Amino acid sequence: MVGEKCTFGNRMPIDIHMLDEIIYREVKHFRNYKIYRPNFGVTPLTGKFYAAHDILQENEEQKQKVGTYTAKVLQARAQGPRSKYSEPITSSHNYGWYLKPLLPMDRNDRRFYHPKKESSHTKIEIIILMSNPKEKKTS
């Protein structure tokens, strides 16, 4: 095995016939078309709003059906799970299902109510806002 000297050691000389065979096998199943002709007889899977041949012509009855269907979908989405079920069905329904707390909370009672008035994040934000005279927020 006599070959060229390179930084990785000795390597085999390139056989041009083997390289041609590899390229032939890779390219054998590919075809390049220079002209594309769309098939206007087939309905496309996804239409393009800007293509004139993809725009479907709808009559008034179809538009009315689509309108009623959209209204029903919007109404069903707006209702949510509370209108469908009387109690939570899954464990993820439990969160936010009951709006009233179990115990009435008195905000003056310090045993249950501990509001955090300031934190390190809000202090830094206040310092940044006070140091920038151009952007003064007025509430």
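## Burial and helix α4

A residue is buried when its relative accessible area is under 20%. In this predicted model, the number of buried residues among the 12 of α4 is 0, so the helix lies largely in the open. Helix α4 covers residues 120–131. From first C-alpha to last, α4 reaches 17 Å, close to the 16 Å expected at 1.5 Å a residue.

For the chain, 6% of its 139 residues count as buried.

## Secondary structure

The chain has 4 helices and 2 strands. Along the sequence these elements follow the pattern β-β-α-α-α-α.

## Nonpolar surface patch

A nonpolar patch on the surface is formed by Ile 14, Ile 16, Leu 19, Ile 23, Val 27 and Phe 30. Together these residues have about 630 Å² of accessible area.

One member of the patch, Ile 14, is located in the loop between β2 (9–11) and α1 (16–27). Ile 14 counts as exposed because its relative accessibility is 71%, and the cut-off for exposed is over 50%.

## Aromatic residues

The number of aromatic pairs in the structure is 0. A contact between a charge and a ring is present at Trp 97: the charged end of Arg 82 sits over the Trp 97 ring, 5.3 Å from the ring centre.

Methods:
Residues are numbered from 1 along each chain as its sequence is written. This is a predicted model: local features need pLDDT of at least 70, side-chain atom pairs count only at pLDDT 80 or more; totals for chains, interfaces and linings use all residues. Side-chain values use heavy atoms; hydrogens and water are left out. Patches are made of residues with over 30% relative accessible area and no salt bridge: like charges are joined within 9 Å, nonpolar side chains (Val, Leu, Ile, Met, Phe, Trp, Tyr) within 5 Å. Accessible areas come from the Shrake-Rupley method with a 1.4 Å probe; for residues, only the protein chains shown count as cover. A salt bridge is a side-chain nitrogen of Lys or Arg within 4 Å of a carboxyl oxygen of Asp or Glu. Buried means under 20% relative accessible area, exposed over 50%, partly exposed in between (1.4 Å probe, protein chains only). The expected span of a helix is 1.5 Å times one less than its number of residues. Rings of Phe, Tyr and Trp (its six-membered ring) pair if their centres lie within 6.5 Å; planes under 30 degrees apart count as stacked, over 60 as edge-to-face and the rest as tilted. A charge sits over a ring if NZ of Lys or CZ of Arg is within 6 Å of the ring centre and within 35 degrees of the ring normal.
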